[in-house]
Amino acid sequence: MSTDVTTTTAPAVGGSAGGQHTPTPLEGRPGVPFGRTLRAELRKMVDTRAGFWMIVVMTALAAIILVAVVLWGSAEDSSFNGLLQLSTLPLAMVLPILGVMAATAEWSQRTGLVTFTLEPRRGRVVLAKALASLAFAAVVLAFAFVASALVNVVAGTGEWDLPLAAGAGITLALMLYVLQGVAFGLLFLNTPIAIVAVLVLPSVWSIATTLISSLEDAGAWLNLDRVTVPLFAGEMGGQDWAQLATGVAAWVLLPLAVGTYRVLNREVK
């Protein structure tokens with residue numbers, strides 16, 4: 001007696017049978033496009049009351065400083081380089097707050113459930129927040145460049161002595177400061193605490209490295225305010241770049257890494 005055994009080979013999951021694609025249960029609609037997430041983060045930075053007043057404060061500070069320089073400043077300060085240096089000085093203090101507010105929005109306003117339900121890939125949200133903060137800072141910096149140029153034409157000395165290295169250095173320094181704000185916001189996930197920390201801790205460390213002689217050498221490498229001085233001036237050398245790298249690693253990259261880990265693993269309530 002013989003028995004016929006028929007063997008049927010089933011197509012692999014996600015494979016094809018007879019040249020036709022076989023859908024799998026894992027297939028479905030794609031996730032939220034990153035561009036949409038980025039636009040949402042940009043919109044959240046300007047359509048809230050806090051974001052609106054942040055724009056007002058930055059604009060007012062830059063305008064007040066430019067007017068004061070025109071009225072009481074020296075001829076050197078009234079050049080394009082001098083006007084730009086002075087108008088961007090308050091931005092180094094205000095832009096980190098902008099980054100903090102962007103990073104802590106979901107946790108301070110309790111919208112995390114909505115955000116991370118629509119986009120459960122939290123790393124993409126963190127990246128969108130960082131890029132949105134940098135883009136907004138770039139717009140603010142462009143306004144400072146234009147305002148300084150206009151004041152130089154109307155009431156300044158008419159000197160356009162801004163070296164390319166100085167302009168690029170100012171831009172890079174301000175981008176680092178806003179990224180520092182994002183890092184501290186992700187690290188603390190609380191707006192008031194993060195703002196106080198990003199403003200006070202670097203200042204306390206700077207004072208300590210100035211007053212305590214044993215910390216002076218460490219301050220030359222781990223003081224972000226100090227290592228960005230030649231960057232603002234456009235006079236970076238080999239050792240200056242090395243000191244900038246260590247300062248950024250300590251005050252930007254380290255809190256950014258720890259803060260990102262917290263966001264990726266923290267329970268949303």
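In the predicted model, helix H2 (residues 49–72) comprises 24 residues and spans 34 Å between its first and last C-alpha atoms, close to the 34 Å expected at 1.5 Å a residue. The buried residues of H2 are Gly51, Met54, Met58, Ala62, Leu66 and Val69. The cover over these buried positions of H2 includes helix H1 (34–46), helix H3 (80–88), H4 and H7.

The axes of helix H4 (residues 91–103) and helix H7 (residues 122–154) come within 10 Å and cross at roughly 150°. Angles over 145 degrees count as roughly antiparallel, so H4 is roughly antiparallel to H7. The crossing of H4 and H7 is right-handed. On the H4 side, the contact is made by Leu91, Leu95, Leu98, Gly99, Ala102 and Ala103; H7 contributes Lys129, Ser133, Phe136, Ala137, Val140 and Ala144. Sorted by class, the residues in the contact of H4 with H7 are 9 nonpolar, 2 polar and 1 charged.

Most residues other than glycine have a negative phi. Leu189, although not a glycine, has a positive phi of about 55°. The relative accessibility of Leu189 is 6%; because buried means under 20% relative accessible area, Leu189 counts as buried.

Methods: Residues numbered from 1 in each chain as written. Predicted model: local features only at pLDDT ≥ 70, side-chain atom pairs only at ≥ 80, totals over all residues. Heavy atoms only, no water. Axes fitted to C-alpha atoms, helices over the stretch in contact; angles between N-to-C directions. Helix = DSSP H or I, 4+ residues; strand = E, 2+ residues; numbered from the N terminus. Parallel < 35°, antiparallel > 145°, perpendicular 65-115°, else oblique. Left-handed = near helix turned anticlockwise from the far one by under 90°. Contact = heavy atoms within 4.5 Å. Nonpolar A, V, L, I, M, F, W, Y, C, P; charged D, E, K, R; others polar. Expected span 1.5 Å × (residues − 1). Buried < 20%, exposed > 50% of the residue type's maximum accessible area, 1.4 Å probe, protein only.
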